[in-house]
Structure formats: structure tokens, C-alpha cells
Amino acid sequence: MSNKKIQKILVTGSVGQIGSELTMALREKYGAENVVACGRKTKPSPELLESGPFEWLDVTDKEKLARVCEKHGVDTIVNMAAILSATGEKNPQLAWNVNVTGLINTLELAREAGLTQVLCPSSIAVFGKGCPRVDTPQETVLKPSTMYGVTKVTGELLCDYYVGRFGVDARGLRYPGIISHKTLPGGGTTDYAVEIFYKAVEEKRYTCFLGPDTRLPMMYMPDCIKATMDLMEADFEKLEHHGDFNISAMSFTPAELAEEIRKHIPEFEITYEPDFRQAIADSWPQSIDDSAARKEWGWKPSYDLAAMTADMLEHLQKRHAEGKLYG
Ligand code: VAH
């Protein structure tokens, strides 16, 4: 396996929560014309559409994926297309098709075309019953209770198989809940940690779909982007793990997040009406041991709860004052 240089990237799921910001960060680093954004149906932002190449692509369509990669001379695929946990429970077959068929299409293309790298996101959703929920280790029992988690365990196993059997350079991160002020999330269990900021700014109150003491691992988007791009550039020879790195930045509960928001908006009020997503959250870790990522490729987060809250509210309060809170 050689550390071939990444030159031309295709990002699937470019219009999603992580994909939309990751695509822009990759364009800044590798050159806008060298990063092909792909979306399935959601309308891309003018910024994404006008800053570099864009293709309509369903990642489950292997022939179209191959044609687009050949057309642009792609050597690296960042496969962000996914159906997340809550939506996946409403349509588990769709989640399997997008998350697993989509992934194996990218791995097969990497094998057939000798691509430089495939970045395959995983999630803390791979964890479930039988593993420690505090400081959840890199190596432990993986028995997820959601189809999303099942697809991510399958994805990790497929990545590691393609690395060992075919010499494909496949890498992945177990993302925690990701929080951003640029792109609204869709269909996740951790989405409350984004919605709460918009409602705090707009209405000074929020009804949370998880209970007050539901502790979950979380990360601010700038750290998510940094982790992803750092792993992409890591020396393959130094990696002991491939598709399944634990990463984390912080862990908090809705009550702790509300308390932090009240340091900026004293009158903010929160109520709790747990729904079906409570059972999903209760099956996930409360905190993560990410020592493998720190050791193998120097992972280190920059944002904690206070820094993230201050930055989120600064951006959202400015947009709200300009009358364009939702863009
Ligand atoms: C979800 N945001 O809630 C995603 C993520 C760990 C959570 O995978 O489904």
C-alpha cells in the first residue's frame, strides 16, 4: 500500500450536514476544481454549486458513480451519503441500500480502478448493548439496536476487508453527534443539539425530544472537518486501524447544553418531551475513548461546550438580526 497523493476528490452526500461543509473545506485545501460535489435530490446551495464541479448522483447507482469518476479523473472518494439513525428506523431497507450498497459501490470502484483512497464515515451508532457506555473503548462488542448502526458496523467490516484482501486504502471515523450553524441536520438522534440553538435565538425556548440527563458524545463541525481531513492525509503505514476510528471532543446532556445557552440568553427555557429517539440515544455511549486516533494520527479537538456554544450563538444571533436565521 503506498501513500499515493490525493489529487481529485468526489464527495457523495455533498448537500448533507457534514458533506456540505466538508466539500467547501476540501475545495479550499485541494483546489475547488479538484473536488466534485455530488447530490441525489436536495438542491445544493449557490455557494456549493458555483464554487466547483457538481454532479447529480445516487451512490447506489454503481455505473453512474463509475462514469462520473472517470469523467472527472477522480482518485479519491469521500462517501458522505447516508440515511441517519432516526430516518433509518422509519425506513430500514432504504438505510441499508444507501449506506451499504452505496459503500460497497465505492469500495468496488476503488478496487477496480485502483483509486488512491476511500473515506467511509462510521458513527458511535455502531455501539449498543454489552459495551461500556462511559469511555467506550476502540475495541469492544458491537451490537447496535438501529439499522443505521448495523449499516455502520457492516461498513467498518467491509472497509477493513477491502484493506486486507485487496489493498484498498479505506479509512473511516466513528463520528459523534455533529453540531453546525451552517447546515441543518436531517434525521438524526443528535439533531436536538442543533435545533436548540435556532429555537433559543428565535423563540428563547425549546422542547427537547430527549430527556434532560441524556448524555451523548458530541463534536463541533470545525473539529469534525479537521478530523476528517487529518485522517485523509495521515500516513497509511502508521495506521493500525482503518475504517473505525473512535473520535470525540465533548459529551453533554440537554440540561447541560441549556445551562450553557443561558449564560448567553438568560431567559432561555427548555421543556422535555422524549420520543422514539430516546431509546436510540439510550443505546449509545455517553463518552468515547479516542486514544487510538490520538496515537495513530495525532487527533486533538479544539472546541469544548463553552467555545462551541459561544460560536454557535454568535453566528445565529447575527443571522437572526439580519432576518436570515435559516439562510
Ligand atoms: C445521528 N447525527 O444522530 C447522527 C450520528 C452519532 C449520531 O450518527 O444519527
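**View 1. Tyr148 and the ligand.** In this predicted model, a side-chain N or O atom of Tyr148 sits 2.8 Å from an oxygen atom of the ligand. The ligand on its own exposes 280 Å². The protein buries 95% of that area.

**View 2. The shell around the ligand.** Leu84, Ser85, Ser123, Ile124, Tyr148, Tyr175, Pro176, Gly177, Gly188, Thr189, Thr190 and Trp284 surround the ligand. By type, the shell holds 6 nonpolar residues and 6 polar residues. No charged residue takes part in the shell.

**View 3. The ligand between two domains.** Domain 1 covers 9-177 + 219-246, and domain 2 covers 179-218 + 250-321. Both contribute residues to the shell, so the ligand lies between them.

**View 4. Lys318 in helix H12.** Helix H12 runs over residues 305-321 and includes Lys318. Lys318 is exposed, and its relative accessible area is 54%; the cut-off for exposed is over 50%. From the C-alpha atom of Lys318 to that of Thr189 is 27 Å. Along the chain, these two residues are 129 residues apart. Thr189 is one of the residues that surround the ligand.

**View 5. Gly327 after helix H12.** Gly327 belongs to the segment that follows H12. Its relative accessibility is 85%, so Gly327 counts as exposed. The C-alpha atoms of Gly327 and Ala310 are separated by 19 Å. In sequence, Gly327 and Ala310 are 17 residues apart.

**View 6. The whole chain, for context.** The protein contains 12 helices and 14 strands. Its radius of gyration is 19 Å, close to the 20 Å that the globule rule gives for 327 residues. The protein is therefore as compact as a globular protein of that length. The C-alpha trace spans about 55 × 45 × 35 Å along its principal axes. Of the 327 residues, 58% are buried.

Methods: Residues numbered from 1 in each chain as written. Predicted model: local features only at pLDDT ≥ 70, side-chain atom pairs only at ≥ 80, totals over all residues. Heavy atoms only, no water. Near = heavy atom within 4 Å. Polar contact = N/O pair within 3.5 Å; in protein donor to acceptor, adjacent residues only side chain to side chain. Areas by Shrake-Rupley, 256 points an atom, 1.4 Å probe, with all protein chains shown as cover. Nonpolar A, V, L, I, M, F, W, Y, C, P; charged D, E, K, R; others polar. Domains from an automatic or database assignment. Helix = DSSP H or I, 4+ residues; strand = E, 2+ residues; numbered from the N terminus. Buried < 20%, exposed > 50% of the residue type's maximum accessible area, 1.4 Å probe, protein only. Rg over C-alpha atoms; globule rule 2.2 N^0.38 Å.
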